[in-house]
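Thank you for making the time this morning. I would like to take you through one structure, and I will go slowly enough that you can follow along on your own screens.

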Amino acid sequence: MRIGTTLTNFIIQNQRDIQGASGTFTGLLNDIAVACKRIADLVNKGDLVNVLGSADSENVQGEQQKKLDVISNELMIEALRHNGHVAALASEEMDSICRFTDDVSRARYLLLCDPLDGSSNIDVNVSVGTIFSVLRVPEGAEEITEEDFLRPGAEQVAAGYCLYGPSTMLVLTTGNGVSMFTLNRDFGEFLLTKSNVTIAADTCEFAINMSNHRHWKEPVRRYIEECLQGGEGPCGKDFNMRWVASMVAEVHRILTRGGIFMYPGDHKLESNGKAGKLRLMYEANPMAMLIEQAGGGAITGEQRMLDVEPTELHQRVPVILGSRNEVERIGRYHQQ
Ligand code: AHM
Ligand code: MG
């Protein structure tokens, strides 16, 4: 599609390629874009509009919420509640699902989101983002329950994120490649700036929180050790390292110039009853769909991410994603 096409036109033109999609799907993606533009505006104004700092509340995961976590969640609900496209919303910031309508025959989609990911970065003016994932309302559903959301990532009909960085960018897949849109603030539209995004199969750049090194398990320890050995080690090349602590920014970098991102499970997380840090439904699955659609790989270590059968809404998983050959190598280390 032509570079410069508006997101709205792009979605309308793509709609016919999505099996069973109707104007409802276009409406839904438009609503998400509206919420993202409003969040972008607040992130951009920051201290000028008193949205930085903590909210004096905890989310269901027991994490301290930031003001912008709470506001972004409200903006998502507000943008999606009334248009009848979405039957229910599940969010990282809410204990349970939020039902938008009783008329499930009309509202055909379920939305999952992390309204503001990487929120530890808000107060220091580093990139954050919104992550979203779209599922279909199951055939014959009469009332939406949490069970209806518990489906493997392979069933997502669309996924994406909005990155609030130096530019605001919306990155989207509807199962037919990955496209990037940049917000033109002058007239408030997302314009297509990159299509058919492809991740190089090889890379010399890894991203991991090295402070967890002592807790890692053998496969991750081995992989990073080999990267650190550089040209003298088994990889035969020097590696560089990045860690933004904003998954949206890391995934955006990988979609742009390749790389590998890991938030693995480790002994410390496990001793606290957690399989990983990141959430399967709000973070891992949508990012895995984008990465696979761009030709990369996304695994838990043992398993393809998009095949994981969820057991609970706020479930956590180990995440390894990015350039395909490196992801496969780490996958092999987990099998050995
Ligand atoms: P959040 O959803 O509470 O913002 O946490 C998720 C973020 C990811 O964006 C990022 O990859 C990770 O947490 C960083 O964690 P850490 O601070 O342990 O490095
Ligand atoms: Mg998050």
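Predicted model: local features only at pLDDT ≥ 70, side-chain atom pairs only at ≥ 80, totals over all residues.

The domain assignment of the protein chain gives two units, domain 1 covering 7–194 and domain 2 covering 205–335. Their C-alpha centres lie 23 Å apart, and the contact between them takes 50 residues from domain 1 and 31 residues from domain 2.

Let me turn to the sheet of eight strands, which is open, with mixed pairing, and has the order 4-3-5-6-7-8-9-10. At its edges stand strand 4 (98–99) and strand 10 (189–194), and because each has a single partner strand, one side of each is left without a neighbour in the sheet. Strand 3, residues 86–91, runs parallel to strand 5, residues 109–117, and five bridges join the two; within that pairing, Ala90 stands opposite Leu112 of strand 5.

Two helices deserve a word here. Helix 3, residues 67–81, lies across strand 3, strand 4, strand 5 and strand 6 (128–136), and runs at about 155° to strand 5. Helix 5, residues 247–257, also packs on this sheet, where it touches strand 5, strand 6, strand 7 (158–164), strand 8 (168–173), strand 9 (178–184) and strand 10, with a direction that makes about 105° with that of strand 7.

Strand 8 and strand 9 are antiparallel and pair over five bridges, with Leu172 having Ser179 in strand 9 as its bridge partner. Four residues lie between the strands of this hairpin, and Gly175 takes a positive phi near 90° there. Strand 9 then pairs with strand 10, again in the antiparallel sense and over five bridges, and here the bridge partner of Phe181 is Leu192 in strand 10. This second hairpin likewise has four residues between its strands, and in its turn Gly188 has a positive phi of about 65°. As for strand 9 itself, six of its seven residues are buried, so I would describe this strand as mostly covered.

The other sheet has five strands in the order 12-11-13-17-15, and it too is open, with mixed pairing. Its edges are strand 12 (240–241) and strand 15, each of which has a single partner strand, so that one side of each is left without a neighbour in the sheet. Strand 11, residues 205–207, pairs with strand 13 in the parallel sense over two bridges, and the bridge partner of Phe206 in strand 13 is Ile260.

What do the buried residues of helix 8 pack against? They meet helix 4 (218–229), strand 13 (260–263), strand 15 (297–299) and strand 17 (319–322), and the residues in question are Glu326, Val327, Arg329, Ile330, Gly331, Tyr333 and His334.

Ala40 is found in helix 2, residues 23–45, and at 2% relative accessibility it counts as buried, because the cut-off is under 20%. Beyond residues up to four places away in sequence, Ala40 touches Tyr164, Thr168 and Arg185. Of these, Tyr164 is 124 residues apart from Ala40 in sequence, yet their C-alpha atoms are 6.0 Å apart in space.

Note on methods
Residues numbered from 1 in each chain as written. Chains lettered and ligands numbered in written order. Heavy atoms only, no water. Pairing = 2+ DSSP bridges. Contact = heavy atoms within 4.5 Å. Axes fitted to C-alpha atoms, helices over the stretch in contact; angles between N-to-C directions. Buried < 20%, exposed > 50% of the residue type's maximum accessible area, 1.4 Å probe, protein only. Domains from an automatic or database assignment.
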